Amino acid sequence: MDMLDHGPELMSDRRTEGTDRHTPKGHRPEHVLVGVDGSPSSRRALLWALDHARPGDTITLVHVWQASAVMVDAGFAQADDDRGPRSLVARELARARQHEAAASIVIRGDVVRGEPRHVLAQLDADTIVVGADDSGLSRIFLGPVAAHLARRPGCVIVVVPRSR
């Protein structure tokens with residue numbers, strides 16, 4: 001996995017309980033993964049994670065991608081070209097850095113090739129935050145990623161609904 005860094009001070013900042021001025025005593029910093037894909041639902045998930053972050057927490061924005069077989073076969077894309085996914089994560093990191101919580105948390109970006117529901121389920125985190133599917137079906141069913149994550153034991157899964 002490749003880590004995108006939005007500043008050397010954040011990549012080297014490994015906070016632990018009560019060891020700096022940002023981490024309240026008695027708070028164990030949490031690692032929160034946020035699935036990002038540039039959609040309105042993933043932006044709501046990111047905002048939710050930032051709004052609920054506590055000082056000392058780490059939020060990792062994760063974009064999981066696969067090259068389209070049709071596009072690769074037609075010669076319009078290369079299977080290993082991750083420039084688009086990296087650019088998307090860089091934009092979302094820039095957006096996250098503007099949030100008021102950014103000064104007291106660690107924010108990272110990660111680009112991973114694979115199937116989103118399987119990759120997100122395998123990554124280490126205390127909490128995984130994803131946005132609800134923006135289709136009309138989201139009121140009845142969870143999207144495929146959220147439904148798959150809901151079966152993961154030992155991790156809090158937050159599915160942020162579409163705003164009304």
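I began with Arg54, which at 40% relative accessibility counts as partly exposed (buried is under 20% relative accessible area, exposed over 50%, partly exposed in between; 1.4 Å probe, protein chains only).

I noted that this is a predicted model, where local features need pLDDT of at least 70 and side-chain atom pairs count only at pLDDT 80 or more, while totals for chains, interfaces and linings use all residues. Residues are numbered from 1 along each chain as its sequence is written, and side-chain values use heavy atoms, with hydrogens and water left out.

I looked up the salt bridges (a side-chain nitrogen of Lys or Arg within 4 Å of a carboxyl oxygen of Asp or Glu) and found 5 in the structure.

Arg54 pairs with Glu30 in one of them, at 3.6 Å from N to O. Arg54 lies in the loop between helix H2 (40-52) and strand E3 (58-65), and Glu30 in the loop between helix H1 (8-11) and strand E2 (31-35), so the pair ties together parts 24 residues apart in sequence. Helices (H or I, at least four residues) and strands (E, at least two) are DSSP runs, numbered from the N terminus. Glu30 is partly exposed at 24% relative accessibility.

I then checked Arg86, whose side chain meets that of Asp82 in a salt bridge of 3.0 Å, N to O. Arg86 is partly exposed, at 23%.

Last I took Glu92 and Arg95, joined by a salt bridge of 3.4 Å, N to O. They sit 3 residues apart in helix H4 (residues 83-97), about one helical turn. Glu92 is buried at 1%, whereas Arg95 is partly exposed at 43%. Salt bridges with shared partners join Arg43, Glu92 and Arg95 into one network.
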